[in-house]
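Please look through the report below, which describes one protein chain from its overall build down to single side chains.

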Amino acid sequence: MSAAPVFDLALARTTLEAQPFSRLLGTRVTRFGEGGATLELDIRPDLLQQNGFVHGGVLSYAADNALTFAGGAALGPAVLTGGFTIQYVRPALGRTLIARADVVHAGRRQAVVRCDLLTADDTGAEKLCAVAQGTILTADPS
């Protein structure tokens, strides 16, 4: 009988790399474990909307994935987003988009997770641009 793989930073990175859309965006997992996860991606011109801000869809993608990875850190690797809300605080401008998520509460089959979306400039100074909260569920294979 083989043991289940440990869901650690290395497996989180492998999991993210298995997502074609995440590869397209160049997303990185920079923190994983203990009920939290951080995803980062470089802000590029093709990720901006018409006014030069990071597109809301990119922010929502980052929130969704960070929420789910943080939930997975608490519940295990077989999880799905049950739903989430996002509030945009200010236009996202900068060099790097950071999605920093932490579990607020976890039960046996679901977790409530909060995510702060920030941008970092060339000096590393961060600004909050959106806040998201979601429910992460264990995946039911049936």
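The report covers the model, the fold, the nonpolar core, the aromatic pairs and the cysteines.

## The model

This is a predicted model, in which local features need pLDDT of at least 70, side-chain atom pairs count only at pLDDT 80 or more, and totals for chains, interfaces and linings use all residues. Residues are numbered from 1 along each chain as its sequence is written, and side-chain values use heavy atoms, with hydrogens and water left out.

## Overall fold

The protein chain has three helices and six strands. Helices (H or I, at least four residues) and strands (E, at least two) are DSSP runs, numbered from the N terminus. In sequence order the pattern is α-α-β-β-α-β-β-β-β.

The radius of gyration, taken over C-alpha atoms, is compared with a globule rule of 2.2 Å times the number of residues to the power 0.38. For 142 residues a compact globule would have a value near 14 Å, and the 15 Å of the protein chain agrees with this. Along the principal axes, the C-alpha atoms fill a box of roughly 55 × 30 × 25 Å. A contact means heavy atoms within 4.5 Å. Among contacts between residues at least 6 apart in sequence, 62% join residues at least 24 apart.

## Surface and core

Accessible areas come from the Shrake-Rupley method with a 1.4 Å probe, and for residues only the protein chains shown count as cover. The accessible surface of the protein chain is about 7800 Å², and 55% of it belongs to carbon and sulfur atoms. Of the 142 residues, 38% count as buried (under 20% relative accessible area; exposed is over 50%, and partly exposed is in between).

In soluble globular proteins, nonpolar side chains tend to be buried together. A nonpolar core is a set of buried Ala, Val, Leu, Ile, Met, Phe, Trp, Tyr and Cys residues joined through side-chain atoms within 4.5 Å. The largest one here has 36 residues, of which Phe-69, Leu-97, Cys-115 and Leu-117 touch the most other members. Helix 3 (56-75) and strand 5 (110-120) are among the elements that each supply at least two residues of this core. Helix 3 gives the largest share, 10 residues.

Which kinds of pairs do the aromatic rings form, and where do they lie? The structure holds two aromatic pairs. Rings of Phe, Tyr and Trp (its six-membered ring) pair if their centres lie within 6.5 Å; planes under 30 degrees apart count as stacked, over 60 as edge-to-face and the rest as tilted. The ring centres of Phe-21 and Tyr-61 are 5.3 Å apart with planes at 85°, so this pair is edge-to-face. Phe-21 is in helix 2 (residues 20-25) and Tyr-61 in helix 3, so the pair ties together parts 40 residues apart in sequence. Phe-21 is partly exposed at 47% relative accessibility, whereas Tyr-61 is buried at 12%.

Phe-32 and Phe-69 also form an edge-to-face pair, 6.5 Å centre to centre with 90° between the planes. Phe-32 belongs to strand 1 and Phe-69 to helix 3, so this pair ties together parts 37 residues apart in sequence. Phe-32 is buried at 14% relative accessible area, and Phe-69 is buried at 5%.

## Cysteines

A disulfide is a covalent bond between the sulfur atoms of two cysteines. Here it is taken as a pair of cysteine sulfur atoms within 2.5 Å. A search of the whole structure finds zero disulfides. The sulfur of Cys-115 has its closest cysteine sulfur in Cys-129, 9.4 Å away, which is too far for a bond. Cys-115 is buried, with a relative accessible area of 0%, and Cys-129 is buried at 0% as well.

Conventions
Buried means under 20% relative accessible area, exposed over 50%, partly exposed in between (1.4 Å probe, protein chains only).
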